[in-house]
Structures are given as structure tokens and as C-alpha cells.
Amino acid sequence: MKTDTTPFFVGYFKVPKKLRKFLLSAGILLVACLTVFGLLIGSTQDDPGNGAFRFDYGRQTVTGVIENLPYPLLHVTEGNDRIKAGETLMLAAGGKMGVMARTSGFSGQQIVASGVLLERGDLNMLQLRGGRQGLRMAEGDGTEMIWEPPVSEPLGRWRIAGEICDGKCLAGAMRPGRGLAHKACANLCLIGDIPPVFVSSQPIEGTEYLMVVDKDGGPLPKAAYDYVAQFISLEGEIERHGDILVLKMDADTIEVLP
Amino acid sequence: MNSAELLFAITQYWLIIGGVVAALFLVVGIDRIDEDARGAYVFRPLLIPGILLIWPIVLWRWWSLESGSYDPESRYKPVRAAHKVIALGMFIAVVGITSIGLSVRQQWPADYVPQKLSEPVEASE
Amino acid sequence: MSVKYIPVQWNNNKYYYDAFMLAGVVGFLWFFLHVSPEVLSHERPINPQVHNARAFGACAFLMLSIILAIGPLARLDRRFMALLYNRRHFGVMTACVAMTHAGYILNWYWAFSSSNKYEALLFSNTSFGQFAGFPFEIFGIVALICLLVLAATSHDFWLRFLGAPLWKRVHYLIYIAYISVVAHVSLGILQDQQNHVFTAIFLVSAIVVAGLHVLAVLHERKAGDPAGAVNTEGWVTVCKPDDIVEARARIAVLPNGDRVAVFRLEGKLSAISNACSHQNGPLGEGKVIRCLVTCPWHGYQYRLTDGQSPAPFTEKIPTYRLAIQDGVIMVDPDANPPGTYVEPVEIPS
């Protein structure tokens, strides 16, 4: 008759000597592997970019003129230490909300805007405070309210490559604030009327960030949502508004890059 | 109501019904169909999440035990044949999905030079 | 095996098991979250919510991979079978880690909007017609639901209530969960990441887990239980008595697909169902300890003569009639009702 040599063990027995070493090594290997993997994966996370809320600058209050494109731009006419007159800011409300509805009545008018700055390279956005504290008509004798909108300078039709992002996360509301893993969040921001921003592969007329509108000047076309956060090339008219470039994207020309 | 709202509402109702089933089952049912549960109360709250999630199966099994339509012999018919299908299916799925994932990965087009296609139309006087 | 159900069963070995598991999880998360930022040379840090979400997500993936590897490893090398015991604690822990990952993600990416965050999760990305940019969150949701169902039905009550075969079928969701997680990662962070360390760890883990399952199937084909030949009276051949090691069994597959385990103890033979009533573990791979057949998976015990667990336990398994004809063990393929007494057959000397 054959004899029994395989050790037999179930969890509630005392561990046989033969198996003890094996199980101990398996346990130590498990802990060691997980710890090393934690360190390895954790220490190889990609740089999320340098965008950020500049709470360190304190609250910024500037006077300027609203241009609705339909996403509003604020052309600063009376700045402060940080934001100079002549600069142009994109605007957003708190959270994933734009301010299109709030600014629609202020087209071409001089207003006082107040909030916190988001900054990523030469991309600037002001997150307005709620209600009148964030956005109100400028007070004055009425003479300074007459204002000439800055001449928009057409720069021709271009074919450019890059990525459609939501301007706010990109500017630093989230780090990382772009890329496919962030796509649903970007879509949600864009649905909430946060201005979309195209990040170009290389600078165009000095900047790699362009605010995006539809080719007829409306908000981001529905067709663009499927391509948000993907690397694409597309055509469109580019215009300069203040110191911001605006891309009037032609959704029919989108090509997904390899 | 869009489909997201619909799915969210369905989930809510699913869990609400699950809560009712959990209450009924843990107060009334469990003592009737499992003698080991009689007099054991501390473990019962632990069953609530399971009932919330799979309450239709709970109701069905409860009914089959109460009505006597449950075949006790079926306990000894292990499901072993499925292993082969699952192992092969999982291998194909894992290899397929990771290959798709790797193949659609994009590279940032750092070398793409923006091209000006045409000069602006001089019409803005 | 509980007489009266209690919330969680522990013993010394389970404490060791859980201690190793917790040490691994805490080690992973601590090094990921607290040591690695020192090493990263980012101008500005990753948002803590995203950093936490990544740590917990990667941890859940690795834990799930380890759990899934234990099964086929145990079939390839019996020593790993010891790790099957208490695997449910590992599973419940994994579900908790995965849930934490989901919580961080949900309360970050879908918070701060005017919409309900659960609805926003479902409607914010609807690019279902493409691979890159596909709403990969769906796969995460599917996997999480599977893991929650598994964790929530891991108590022994569910095994008894549903019966092992149905319970096992429900717990096959683990494979759906794993495939979904692989899709979730492949179409999610894999698309974004520029550093490929995680990509490599992910791909190797997934291929190893899937590969081990295929190896186990191949092993089973080679070294699996033999089908017994049927004689003219319809009885099934198992083996010669001397092929069976004392206190162990030989398994044969019956014509209807069921398996019978023939045990040898002190010169006598008994035949019982190979399926344990707890999780349908392979009793025939177990051992007789103090006259009781002990299941190799969780140690449920049965008397050889009548397939009943000793009092106060109440589990029962079917028994089989057997005989020795021309020096070969034959089994009647029609099982007796669970708990039926069968007189052990003496081996002629």
C-alpha cells in the first residue's frame, strides 16, 4: 500500500512544519511586493502641470468690459498690481459653472469683477464670487462707460493639432486637469458653460492656449464633445480678442491623430 | 427624463425594495427557512447589504424553500464545467482588451506645426 | 460549520492571514501616498483626491489580481490551497479599497456641478462609439457592483441559503469584475499615463492572472479526475484498492458528470460524494482525520459511513454503494440520499 506523504492542512489546524516556511515566505513576499509596488507606482506619477488657483494672490478686483463670444471675456480697463489694464481674462463661476448667463446683460459694459485667479502659463481665468459681489456695473458719472470694444484681429484660417480641454480644470482647478482619464469631468465642465480651451501642439502667435467657439460664433458644438481630451487636428478661423486667441472651430474638419 | 436620471431612479427603487425585502426576510423569513439562524441575531445586520443588492434571488430562494420546490439534491452538483470556458474566455478578453487599449493610445503631437491655410479676409472696416 | 451564525469567524491562522494582508495594503498605500511625493519632482502636487484615488485604485487592482491567482495556483501546487482558506476576508477588504477609490473619484470629478453627481457620472461622457475616449467609468461601476455583491454575500449564511452551486454561480461575477477592471484601466489611465511603470505592472499582472487560469485548465486536463468505465450492470470502475493511500481517496467521474470519492481507512473502503456541502470543495482531495473526512478547502468534516457531519453540525452529503469485483472497486452511480448509511467494504487481504 502507498504511504501518505503530502502534508494536509486546513485553516483551523496547527500549520505543519513543512508548510510553515512556505506560507511564511508567501506572506512576506505579498507584503514586500505590495510595498515595493506602492513605492514604484506612486513615485512614477506624471507631472500634473503647473496650473493652480492663486489663493496666495488674494482676492482680485478689477474693472473691465465684458465681451460675450458667447463665452465671456473680460477686457481689463483698470487693473491692480497683479492684473494690468489691457489684459484679457476668461471667466467662470465657482464649481463646474460658467458665467454666460450672468454676463449676458453686460455686453460691452464696464463692470467690476471680483474673484480668485487661476493661472497656467499665459492662461488666466478669473473665478467670480457669487452674485453682485462677483460681478456688478461699474459706478461712475457715466462718461467712462462709453467704451470702444477692442478691435478683434482676424488671423486667418489655420489647421492646428492638440486637445480640447475645459478651461477651468486646465487652468488649475484640477491637477491633472486634462487627458482622457479626466474626459468625463471636462465634458461636465463644458456642459456647465465653462469656456473650452484648445491646447495647441506648438504656440500660435505666441500662445498655445486658444478659447474655442463654434465656427458661427456659438458655444462649443455638440459634435466636439466626442473629441474632448483626445489628440486631434482641426481647422478654424483664429481671431485675436485682446490678448486671447479665439478659435472658431470647424467640427467637420476634425481628424483624430495616431 | 434622460437615461441617466432613469438609471439613477431605477437604482433608488431597487435599493428601496431591497430594504423592504431585507426587513421582511430578517424579521420573519430567516427563522422559517434556516434553523441555524434561530436565536442568532448579531449576524443579521451583516446580511442587509447582500439583500439590498440581490433581493430578487433572495425572494426566489425564500419562496422555493417555503413552497418545497427546492431540490436539496441540487446542492451536490458542483459547477465545475464552467471553469474551462471562463479561463479561456478571460484570457481572450484580457489579451484583447489590453491590446485594444495599447493600440488606441495616442502620442501628444509635439512635432505638429500649426499651418496657416489662408490669410484673413479683409472685410472688417 | 457554524452551529449558530456569528458575524465573523476568526482563529489564530486567520489573524495571521489578515495581518499579512493588512500589512500589504497599508504598506502599498503608505508608500504610495506618503513616501512617493518626496521622490516626485512636480512643480505643483497632484490633487490629494486624485492621488488617493490612484493609490486605492491601483491597490484594489493588485489585490484582485492576487485573489484571482490563488485559485489556479492551488490547483497547480497544492501548497497554495492553504491560502484559499480565509480568502473571503481578502475579498471583502478589496471591495472596501475599491469603494474608497470610487468615492474619491465620484466626489471629485462629478462633484461641484449643479447636477446630481450619480446622474452626472452617467451622462457626462456618452462617447460609446469609440475606444479612446469611451466612458471607461462604466467598467469601473460594473466591477464595483460585482465586488460589492461578492463581499455582501460572503457570509456562510449565503452559502447555506443559496446552496453552493448557485452561490458559486453568483461568485463567478469575480471574473466579470476582473475583465471590467482590465477594461477600466486599459481605456482609462493607460491612455493618459506617460510614465509606463504602472502600465508594465498592470499588463504583467493581468496576463499572469489570465495565464494561470489557462495553465490550471491544461493541468486539469492532464492530471484531472479520470472518468470511470461502466460495466454491464451499470456500475462504475474506480481503481484497485491498493491504489488508494491510507486515509485518502481516489476520485472518479460518473457518467452523469458527478464525482465520487472512494476513501480507504483501516482496511475498509467507503464511497461518498466528492462535493462538500459547504462550497462544493473536492472532498476526495481531503484526508480522513480522526475517522472524519476533512474537506481541503475549509475543513468541513463528514463521517465516512453516512456522509453526516458529527453533532452538533448538521451538514450531509450523498453516499454511494460500492463493491469489489475481481480486485477492482466498483461504485453504483446512483447516489444515496444525503446522510444514508452504507456499510464500509472490507478489502480482502
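A: Read along the sequence, chain B of this predicted model follows the pattern α-α-α-β, which comes to three helices and one strand. The radius of gyration of chain B is 28 Å, whereas the globule rule gives 14 Å for 125 residues, so chain B is more spread out than a compact globule. The C-alpha trace of chain B spans about 90 × 45 × 30 Å along its principal axes, and buried residues make up 20% of the 125 residues in the chain.

Chain B also meets chain A, in a contact that takes 14 residues from chain B and 18 residues from chain A. On the side of chain B that touches chain A, the residues divide into eight nonpolar, four polar and two charged. Within S1(B), the residue B:Lys116 has A:Trp158 standing opposite.

Seven residues of domain 1 of chain C are in contact with seven residues of domain 2 of chain C. On the domain 1 side of that contact, helix H3 (81–84) and helix H8 (164–171) of chain C each supply at least two residues, and the largest share, three residues, comes from H8(C). The residues on this side of domain 1 of chain C divide into six nonpolar, no polar and one charged.

Strand S3 (residues 259–265) of chain C pairs with S4(C) in the antiparallel sense over six bridges, and C:Leu265 stands opposite C:Lys268 in S4(C). The two strands S3(C) and S4(C) form a hairpin with two residues between them, and in the turn C:Glu266 has a positive phi of about 50 degrees. S4(C) is also joined by two bridges to strand S11 (residues 345–346) of chain C, with the two running antiparallel, and here C:Lys268 stands opposite C:Glu346 in S11(C). Another two bridges join S4(C) to strand S8 (residues 319–320) of chain C, again in an antiparallel arrangement, where C:Ile272 stands opposite C:Thr319 in S8(C).

C:Leu62 is found in helix H2 (residues 48–76) of chain C, and C:Leu62 is buried because 24 other C-beta atoms lie within 10 Å. Leaving aside residues up to four places away in sequence, C:Leu62 touches A:Leu34, A:Phe37 and C:Ser205, and these contacts include residues of chain A as well as of chain C. C:Leu62 and C:Thr94 are 32 residues apart in sequence and 9.2 Å apart in space, taken from C-alpha to C-alpha.

Terms used:
Residues are numbered from 1 along each chain as its sequence is written. Chains are lettered from A and ligands numbered from 1 in the order in which they are written. This is a predicted model: local features need pLDDT of at least 70, side-chain atom pairs count only at pLDDT 80 or more; totals for chains, interfaces and linings use all residues. Two residues are in contact if their C-beta atoms, placed from the backbone, lie within 7 Å. Ala, Val, Leu, Ile, Met, Phe, Trp, Tyr, Cys and Pro count as nonpolar, Asp, Glu, Lys and Arg as charged, and the others, Gly among them, as polar. Two strands pair if DSSP finds at least two bridges between them. Helices (H or I, at least four residues) and strands (E, at least two) are DSSP runs, numbered from the N terminus. The radius of gyration is taken over C-alpha atoms; the globule rule is 2.2 Å times the number of residues to the power 0.38. A residue is buried if 20 or more other C-beta atoms lie within 10 Å of its own, exposed if 12 or fewer, and partly exposed in between; C-beta atoms are placed from the backbone.
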